[in-house]
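Hi everyone, thanks for coming along. I'd like to walk you through a few local details of one model, so please have a look at it with me.

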Amino acid sequence: LHYGVVLVNSTRNNPNVIIAPLKSIKPTTVIKEKDGQFSLGSELHDKLYGKHKALSQALRIKYDELKAQEKAINEKIAIFKTIKLSDVESQGAIESMRKSLETDSLRIDAEFEKMSAALRQLSSLRNELSKMKDGSIILLHQIRPVSKLRLVAPVSVEDALYDVRFSAKTMQLIDENIVKIYTRPLEKREN
């Protein structure tokens with residue numbers, strides 16, 4: 001599997017996207033600009049790391065919120081245990097408490113489901129980061145259309161690379177290099 005930059009996104013009906021492949025920068029790598037290669041630096045790695053860090057922090061906050069909700073539910077349960085079943089007034093309080101606990105339980109189940117999805121995404125990010133080198137080189141001489149059926153990731157919001165985009169500055173640099181490689185300079189065209 002290889003990473004790539006989607007240069008031209010397509011409509012839902014178009015089965016292809018235009019991709020420029022990437023390769024990792026290794027200590028011995030020599031960047032051959034005349035062969036359409038240039039460094040993107042560590043932007044991809046940095047974006048994934050930032051996404052990982054932000055998701056980790058969000059999960060920590062959500063965990064603390066759920067711990068506070070657990071405490072509130074345990075307090076309700078303690079109150080529930082003190083209610084005497086024989087009182088007629090207690091029957092209304094018991095029913096109200098039961099409905100409140102059911103609502104809390106459903107809300108917490110939904111929150112745990114969201115956290116599970118976020119944990120899967122965090123695991124996916126950690127896995128991608130462990131495989132990724134610090135820098136990337138784009139290979140502009142290998143630009144090609146690729147069938148969407150061949151794309152492995154990102155295909156869902158839980159994938160590590162979902163919604164990871166290069167900066168506008170980097171995309172502008174890519175555009176300028178594509179123009180430089182695939183079009184003749186003006187002075188050569190006029191001759």
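Let me start with a definition: buried means under 20% relative accessible area, exposed means over 50%, and partly exposed is in between, with a 1.4 Å probe and protein chains only. By that rule Ser147, at 22% relative accessibility, is partly exposed.

A quick word on where this comes from. The model is predicted, so local features need pLDDT of at least 70 and side-chain atom pairs count only at pLDDT 80 or more, while totals for chains, interfaces and linings use all residues. Residues are numbered from 1 along each chain as its sequence is written, and side-chain values use heavy atoms, with hydrogens and water left out.

Back to Ser147, please. Ser147 sits in strand β5, residues 144–147; helices (H or I, at least four residues) and strands (E, at least two) are DSSP runs, numbered from the N terminus. Which residues does Ser147 touch, not counting those up to four places away in sequence? They are Pro15 and Asn16, where contact means heavy atoms within 4.5 Å.

Now to helix α1, residues 43–82, where we find His45. His45 is buried, its relative accessible area being 19%. Apart from neighbours within four places in sequence, His45 contacts Leu129, Met132, Lys133 and Asp134.

Next, the charges. Side chains of opposite charge can pair when their charged atoms come close. Here a salt bridge is a side-chain nitrogen of Lys or Arg within 4 Å of a carboxyl oxygen of Asp or Glu, and the whole structure has eight of them.

One of them joins Asp104 and Arg107, at 3.1 Å from N to O. Why are these two about one helical turn apart? Because they are three residues apart in helix α2, residues 88–131. Asp104 is buried at 8% relative accessibility, whereas Arg107 is partly exposed at 37%.

Glu128 and Lys131 also form a salt bridge, with their closest N and O atoms 3.6 Å apart. Both lie in helix α2, again three residues apart, about one turn. Glu128 is buried at 15%, while Lys131 is partly exposed at 49%. Finally, salt bridges with shared partners link Lys62, Glu65, Glu111 and Lys114 into one network.

Thanks, and I'm happy to take questions!
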